[in-house]
Amino acid sequence: MAVVGAGWAGLAAAVELAGHADVTVYEAGREPGGRARCSGRGDDRFDNGQHILLGAYAECLRLMRTVGADPDRLLLRRPLQWRREGGLSLDCPRLPAPLHLAAGLLAARGLGWRDKWLLARALGRLRRDGYRLAADRSVEAWLEEQGQSRRLRDDFWRPMVLSALNTPPERASMRVLAAALRDSLGARREASDLLLPAAGLSALFPEPAWRWLEGKGADLRAGCRARTITSTADRPQVDDERYDAVICAAAPYHAAELLDDPALRAALAAYRYWPIATVYLRFGVSPRLPAPMLGVSGGGMDWLFDREALAGESGLVAAVLSAPAELPGAEELVARALADARRLAPHLPAPAHSRVIVEKRATFASEVGLERPGARTARRGIYLAGDWAHPDYPATLEGAARSGVAAAAAALQDLGIEP
C-alpha cells in the first residue's frame, strides 16, 4: 500500500497500516511532519508554527505512544487556563467536569458577574443540546443569539475561535466549533487539559513515526514528489507503480492536482484558506513570562509562548497571529510581538535575533456549509486523509490523526484484512 504525504495524517495512516501490509510513503519534503514540524538546520531550527494539543486528542496521544514518543515527557500538561494580560484570567481546578469550569469561572479575573453568567449560560445551553445545532450558522451569529457581550467576544470567544478554527468568528462554523467543545469542555475534566509541546514539533510524532516505520520495513521516500494518483482496471497506482491501495494525504490543493477526479476537484475548489504568522524573538536574557502560554488583551498578536520555560530554548519567545484580515509585513509583525512581550515582561531588551514564519495557506477555513469528503473516493482503492477530510473537526493535529486512522481502516476493510 502507498501513502502520499508524510504529514500527521499520512504518518497516522502509515503507522496503522504497518504490520498489516507492505507500506511505501511518498513525501515531497526532506523531512516528515507537513505543516507541524521543525524547519531549518543545525542550531537554526524552529517549529513552523505553535500547536496546542488537548487532553481530548486521544488518537494523537495513542499514536505517539505506539511509535515510542512519550506524551508525559514531551508535553507539558496543565489544567485548562486562559491568561490574557489586561483581560480575562481563568484557571480551572482539578475537579470533575463540569465543576472544574464552573469553579474556574467563579474565580476568574477580568470579567464582571454578568459576563460570567452570560458565558456560563451559553456553554450550559450547548451542553444541554448535546453540542449539536439544528442548523449551522456562523459563530458570530450564534454569539449574538446568546447575548454575549463585546468584552466576552473580544477577550474569550474571538481568541478561542481563532486558535481552534483559524477562521474569524464572522465566517467560522458554529457546528465545527461545537464539535471541538464537545470533546474538550463537554467530556471528562482531563479532556480539557492543555498539552503544550515541551520539545520541537518533529520530536512529538513525525521523527519517531518515521524511525518506527523504517524499523517495520516501510519504504520511506523523502524528497520524492508524487505526480499522479490514478485508478486502473485492477489496482490504483502512484505515477507508474501499482499498489493494492493508495491513501492521498496531501493538502487539499495538492490532492486536487494529484487525483483525476472531477467531482472531488469541484468540491475542493470550495475550500478557502487562512494564514498563520509566527514570530520568534531571541533575547539575551531569560523571558520569564508570567505563564508558558498567554495573550495580551488588545495586543497585536494572539498568543505568546515562553519557549525557554516550555522546551528549554534559551531566551526564546514565540508569538502567533491567526487568520488576520490583512497580513502585516515582517517588520510590523516583529514590532507587534515585541510590544506584547514587553507588556508581559517589561525587563526585556531589544531582541538579539528575530525570525518570521508565515504559512499563507496554514489551514483550510472552517466555514459555514463547507462540505468535506470522506475517506473513500469514487475511485476504487484510492482514499483520502488530512484534517480537511475529517467530517466535523477543525484543522487540528487530532483531526489529521483521526482522518489518517479512518483512511487506513477503510483501506484494510475493503481489502478484507483484519486490523
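Okay, let's start with a term: a nonpolar core is a set of buried Ala, Val, Leu, Ile, Met, Phe, Trp, Tyr and Cys residues joined through side-chain atoms within 4.5 Å. Buried here means under 20% relative accessible area, with exposed being over 50% and partly exposed in between, using a 1.4 Å probe and protein chains only.

Before we go in, this is a predicted model, where local features need pLDDT of at least 70, side-chain atom pairs count only at pLDDT 80 or more, and totals for chains, interfaces and linings use all residues. Residues are numbered from 1 along each chain as its sequence is written, and side-chain values use heavy atoms, leaving out hydrogens and water.

So, the cores. The largest nonpolar core has 49 residues, and Val3, Phe205 and Ile247 have the most contacts inside it. Two or more residues each come from helices H1 (8-17), H2 (58-66), H9 (201-204), H10 (206-215) and H15 (397-414). Helices, by the way, are DSSP runs of H or I with at least four residues, strands are runs of E with at least two, and both are numbered from the N terminus. Which helix gives the largest share of this core? That's H15, with nine residues.

Let's zoom in on Phe205. If we skip neighbours within four places in sequence, Phe205 is in contact (heavy atoms within 4.5 Å) with Trp8, Leu11, Ala12, Val15, Leu63, Met64 and Val67. There is also a second, separate core of 45 residues, and Leu105, Val139, Met160 and Ile357 are among its members.

Now, helix packing. Two packed helices are described by the angle between their axes and the distance between the axes. The axes are lines fitted to C-alpha atoms, for helices over the stretch in contact, and the angles run from 0 to 180 degrees between N-to-C directions.

Take H1 and H15: their axes come within 7 Å and cross at roughly 40 degrees. H1 and H15 are therefore oblique to each other; angles under 35 degrees count as roughly parallel, over 145 as roughly antiparallel, 65 to 115 as roughly perpendicular, and the rest as oblique. On the H1 side, the contact includes Trp8 and Ala12, and on the H15 side, Ala401 and Val405 are among the residues. Sorted by class, this contact has eleven nonpolar residues, two polar and one charged. For those classes, Ala, Val, Leu, Ile, Met, Phe, Trp, Tyr, Cys and Pro count as nonpolar, Asp, Glu, Lys and Arg as charged, and the others, Gly among them, as polar.

H2 also meets H15. The axes of H2 and H15 come within 8 Å and cross at roughly 70 degrees, which makes H2 roughly perpendicular to H15. Here Ala58, Glu59, Cys60, Arg62 and Leu63 of H2 touch Leu397, Glu398, Ala401, Arg402 and Val405 of H15. That contact splits into six nonpolar, no polar and four charged residues.

One more pair: H4 (99-107) and H5 (113-128) have axes within 9 Å, crossing at roughly 160 degrees. So H4 and H5 are roughly antiparallel.

Last stop, two single residues. Is Arg307 buried or exposed? At 3% relative accessibility, Arg307 counts as buried. Arg307 sits in helix H13 (307-311), and among its contacts beyond four places in sequence are Asp47 and Glu313. Met1 lies in the segment before strand S1 (2-4) and, at 8% relative accessibility, counts as buried too.
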